[in-house]
Amino acid sequence: MGVFTYESEASTVIPPARLFKALFVDAAEVMPKALPQAIKSIVTLEGDGGPGTIKQTYFWRWSELCVLVDSSGSLSFKERTDAIDKDNLSYAYTVFEGDALANTYEKIFNESKIEASPDGGSVCKTSTTYYTVGNVDAKADEIKGWTRKANGIIQGH
């Protein structure tokens with residue numbers, strides 16, 4: 001198994017607490033409304049939003065953002081909440097099943113921290129660790145493309 005970590009940062013005019021709530025606490029309600037062209041639904045399969053909660057995200061097949069999932073335009077993935085700290089605006093989760101993994105990744109671990117920016121908005125700093133299956137090489141260009149798309153969501157593009 002190979003391990004590859006990618007760090008990213010995205011800025012937005014949205015205040016930190018509001019961004020955190022939209023992206024991590026109320027994502028199942030907010031994200032399909034904020035991105036109806038991309039996200040069909042987010043369903044909580046088990047748990048109450050705290051560590052151990054399992055969610056499944058469904059994308060529209062024709063969505064440009066399906067590249068977040070994989071190049072074949074697949075439709076969903078499951079994630080487990082590993083940690084959530086509402087006071088410090090940090091969230092960690094693991095994608096452990098679904099089309100995002102294809103035959104390349106065993107799992108994808110994400111840690112995000114939202115901080116205030118000087119202009120009253122937010123900076124979302126994310127570290128994503130990709131665990132590849134066997135000797136499969138992580139595709140750095142593909143990962144950077146996914147990250148650009150995800151950051152575009154945060155920035156409202």
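Figure 1. The protein has three helices and seven strands (DSSP runs, H or I of at least four residues for helices and E of at least two for strands, numbered from the N terminus). Residues are numbered from 1 along each chain as its sequence is written. In this predicted model, local features need pLDDT of at least 70, side-chain atom pairs count only at pLDDT 80 or more, totals for chains, interfaces and linings use all residues, and side-chain values use heavy atoms, with hydrogens and water left out.

**Figure 2. Packing of helix H1 against helix H2.** H1 (residues 16-25) and H2 (residues 27-34) pack at about 95°, and their axes are 6 Å apart (axes are lines fitted to C-alpha atoms over the stretch in contact, and angles run from 0 to 180 degrees between N-to-C directions). H1 is therefore roughly perpendicular to H2 (65 to 115 degrees). Lys21, Ala22, Leu23, Phe24 and Val25 of H1 meet Ala27, Val30 and Met31 of H2.

**Figure 3. The largest nonpolar core.** This core has 23 residues, and Met31, Ile39, Val95 and Ile114 have the most contacts inside it (a core is a set of buried Ala, Val, Leu, Ile, Met, Phe, Trp, Tyr and Cys residues joined through side-chain atoms within 4.5 Å; buried means under 20% relative accessible area with a 1.4 Å probe, protein chains only). H1 gives the largest share, four residues.

**Figure 4. Surroundings of Val95.** Leaving aside neighbours within four places in sequence, Val95 is in contact with Phe77, Lys78, Glu79, Ala100, Leu101, Lys107, Ile108 and Asn110 (heavy atoms within 4.5 Å).

Key:
Angles under 35 degrees count as roughly parallel, over 145 as roughly antiparallel, 65 to 115 as roughly perpendicular and the rest as oblique. Buried means under 20% relative accessible area, exposed over 50%, partly exposed in between (1.4 Å probe, protein chains only).
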